[in-house]
Amino acid sequence: MISKILLVLDNPLYLNDYRKVGVTTFLFPLKGFCVGYREYSLDEINKIDVSNKYLLVNRVLDCKDIDAFKKIIANFQGIKGILFEDIGVYQSLKNVNYSGEMILFQNHFNCNQKSIDFWLDRVNSVVVSNELTYKELEYIASNVKGEIVLHLYGYNQVMYSRRKLLTNFYNEFELDKHDKRVIEDKATHVKFRAYENEYGTVMYSEKIFNGHKLLNLDNVKYFYVNSTLINHDLLMSFLKDVNRPLDNEEDDGFLEKETIYKLKER
Amino acid sequence: MERIELLAPSGNLERLKIALLYGADAVYIGGQDYSLRANAKNFSIDDIREAVSFAHNLHKRVYVTVNIVFHDSNLAGLKEYMLTLDEIGVDAFIVSDVIVMQLMKELSIKAELHVSTQASSLNYEAVNFYKDLGATRVVLAREAHKSDILRIKEETGLELECFVHGAMCTSISGRCVLSNYATLRDSNRGGCAQVCRFVFDIEDSNQVFSMTPKDLNMVSVLEEMIKVGVNSFKVEGRMRSVYYIATVIYTYRRLIDRVLNHNIDSKYTDYSLKILNRCANRDSVEQFFNKIPSNKEQYFLGRDEESNKDFLGIVLDYNKDNNMVTLEQRNYFKTGDVVEFFGPNLEPTSFIIPDELYDEKENLIDVARHPKMIVRFKCPITLRKDDMMRVELKF
């Protein structure tokens with residue numbers, strides 16, 4: 001199982017720890033094309049000695065961004081594939097007959113088997129939404145025509161804004177700036193973890209998603225682990241024993257909680 | 001110059017008719033399933049049939065949102081629904097999930113495919129992808145800068161639709177499930193609880209953290225929007241009132257016509273801005289068209305809210321023989337009040353409520369105080385059904 005983990009490397013200093021427990025495949029958020037992650041330049045990525053490297057492009061890209069992305073495709077040497085949010089990235093890669101793997105990673109989308117199959121005709125794999133129940137994920141995994149990627153561990157990205165929400169707040173009140181802060185709704189006390197860079201702001205979930213229940217599902221190419229913002233010891237304890245009981249900082253997201261959308265359903 | 005369309009939201013048949021009568025070229029509506037306003041009344045199949053008939057008789061168009069992000073359980077009945085909409089003759093489906101795009105092709109749906117803003121299209125390669133799938137129009141992300149719009153138009157040639165007015169999401173549309181986490185309501189299936197409008201504590205500060213954006217208002221850049229290639233000006237607000245719809249559509253209709261006729265000036269633009277801001281009860285500003293918004297485009301402590309009691313009544317009937325108007329009251333007014341009428345064919349016209357004011361039973365009254373009460377009085381201005389009466393707006 002551990003060989004199927006695709007791990008976002010938040011801190012290169014921990015690389016050997018991950019390798020020691022058997023992680024061999026790493027995901028590197030590409031500098032200038034990501035929000036909500038520690039980013040890496042291509043030079044930095046080239047210097048990191050791991051065999052299976054994937055790039056992450058998770059921003060919604062404007063025209064200048066897509067032009068810039070197209071210019072560097074030829075430089076993706078030693079890269080196994082690209083995970084991306086923006087459909088323009090797929091179109092750009094397709095237009096140059098990109099030979100690496102393409103994995104669609106649109107947060108909150110790809111919630112049904114037929115839409116995933118549509119994409120599996122075009123890309124190598126699809127990251128399935130993490131706002132689904134276990135039964136929904138089980139159905140998808142059992143019926144898709146190819147291999148999928150499932151979230152396994154990490155804070156979930158809950159919202160992505162092009163606004164610099166922390167900067168705007170600190171500017172409004174003329175306070176010292178921070179790029180990572182926890183916010184808490186005054187009424188419900190639900191918390192989110194804001195993470196900002198020059199391209200916008202991501203809100204992460206309050207709890208770390210622990211999806212070890214998903215490890216038995218079929219047709220999984222990778223299990224996605226996001227080490228962003230996570231205490232290293234806690235992550236290592238999970239990687240060493242994925243079936244250990246959930247920590248207080250963890251939950252199982254929506255696996256056993258169905259969302260509603262018409263109020264009369266409640 | 002390509003055709004410029006004013007596209008209005010409609011949450012029910014009454015609002016749809018008002019939107020079209022007050023100047024919209026097209027309306028977008030949601031059925032009772034598969035639409036991102038799951039808790040609005042929305043349109044039954046019979047309503048949609050009536051809506052299409054009403055619009056087509058005016059040579060106008062109806063678009064139906066089928067723009068939720070589908071879970072497998074939501075797919076039941078989708079094909080039949082799409083075929084029914086097509087048989088009714090709706091002019092376009094507004095779609096975000098690729099499964100609906102694929103089904104439109106498989107089912108040989110005649111209606112146009114418009115890609116929803118939920119798809120967050122912000123570059124020409126993404127738009128070309130949808131063009132390859134058969135889209136004739138893309139609703140660009142609200143985050144589009146004018147240079148993006150121009151480039152996308154040049155590279156794709158597709159019809160482009162952009163929001164010009166109404167509420168903004170804090171997030172890039174579709175890229176938000178705050179509601180799922182805070183309330184267990186699925187935002188991408190129409191259950192959004194607007195968590196981005198909540199107020200928050202923030203770590204290491206005593207100030208209140210807010211991420212609420214001010215509303216969108218593109219009045220001052222309409223001409224530029226046309227120049228960079230926007231074909232359809234979209235107004236947000238399927239859950240808004242008839243008065244809001246009438247006022248916003250009426251105002252934008254006149255602004256667009258003046259821009260196209262080259263007789264727009266800053267005085268009229270300023271007047272229009274004041275009307276719109278007052279009607280919305282919230283500040284409205286440009287957002288992403290010229291720059292990335294700053295703290296000035298967000299709300300932090302409090303809002304500058306003005307009265308929302310402007311809407312006084314809607315005309316039900318006007319008897320030209322005796323100049324008697326029959327009006328349904330919407331807010332308090334009394335004899336001697338200075339009001340104004342406006343309507344699809346009526347510029348704002350001042351009027352003083354006369355002393356002889358009657359209720360439904362012909363009793364003489366001096367105050368109309370009850371919502372929806374029927375009031376009658378003489379008025380020399382020639383009025384029509386669905387004209388509206390509001391407090392006189394002098395700026």
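Predicted model: local features only at pLDDT ≥ 70, side-chain atom pairs only at ≥ 80, totals over all residues.
1. If you want a spot to check on screen, go to Asp317(B), whose bridge partner in S14(B) is Thr326(B).

2. That pair belongs to an open sheet of eight strands in chain B, with antiparallel pairing and the order S17-S16-S22-S13-S14-S21-S18-S19. The edges are taken by S17 (346-352) and S19 (364-365) of chain B; each has a single partner strand, so one side of each is left without a neighbour in the sheet.

3. Stepping back to chain B as a whole, I count along with the assignment: ten helices and 22 strands. Its radius of gyration is 22 Å, close to the 21 Å that the globule rule gives for 395 residues, so chain B is as compact as a globular protein of that length. Along the principal axes, the C-alpha atoms of chain B fill a box of roughly 65 × 60 × 45 Å.

4. Chain B splits into domain 1 (5-297) and domain 2 (311-391). Taken over C-alpha atoms, the centres of these two domains of chain B are 33 Å apart. Where they touch, domain 1 of chain B puts in seven residues and domain 2 of chain B six.

5. Who supplies the domain 1 side of that contact? On chain B, helix H1 (13-21) and helix H9 (242-260) are the elements that give two or more residues to it. H9(B) has the largest share, three residues. By class, this side of domain 1 of chain B has six nonpolar residues, one polar and no charged ones.

6. Now the contact between the chains, which takes 60 residues from chain B and 55 residues from chain A. On the chain B side, the elements giving two or more residues are helices H4 (98-106), H5 (124-132), H6 (146-156) and H7 (178-183), plus strand S8 (200-202). H5(B) gives the most, with five residues. The class breakdown for the side of chain B that touches chain A is 28 nonpolar, 20 polar and twelve charged.

7. Have a look at how strands meet across the two chains. Strand S8 of chain A (residues 180-185) pairs with S8(B) in the antiparallel sense, over three bridges. Within this pairing, Ile183(A) sits opposite Ile202(B), and Glu184(A) stands opposite Asp201(B). I'd have both of those pairs labelled in any figure.

8. S8(A) also has a partner in its own chain: with strand S9 (residues 191-197) of chain A, S8(A) pairs in the antiparallel sense over five bridges. In S9(A), Arg193(A) is the bridge partner of Val182(A). The two strands, S8(A) and S9(A), form a hairpin with five residues between them, and His189(A) in the turn has a positive phi of about 65 degrees.

9. Last one, a helix pair in chain A. The axes of H3 (residues 63-72) and H4 (residues 87-95) of chain A come within 10 Å and cross at roughly 35 degrees; the crossing of H3(A) and H4(A) is right-handed. H3(A) contributes Ile66(A), Phe69(A) and Lys70(A) to the contact, while H4(A) contributes Gly88(A), Val89(A) and Ser92(A). By class, that makes three nonpolar, two polar and one charged.

Technical notes: Residues numbered from 1 in each chain as written. Chains lettered and ligands numbered in written order. Domains from an automatic or database assignment. Contact = placed C-beta atoms within 7 Å. Helix = DSSP H or I, 4+ residues; strand = E, 2+ residues; numbered from the N terminus. Nonpolar A, V, L, I, M, F, W, Y, C, P; charged D, E, K, R; others polar. Pairing = 2+ DSSP bridges. Axes fitted to C-alpha atoms, helices over the stretch in contact; angles between N-to-C directions. Left-handed = near helix turned anticlockwise from the far one by under 90°. Rg over C-alpha atoms; globule rule 2.2 N^0.38 Å.
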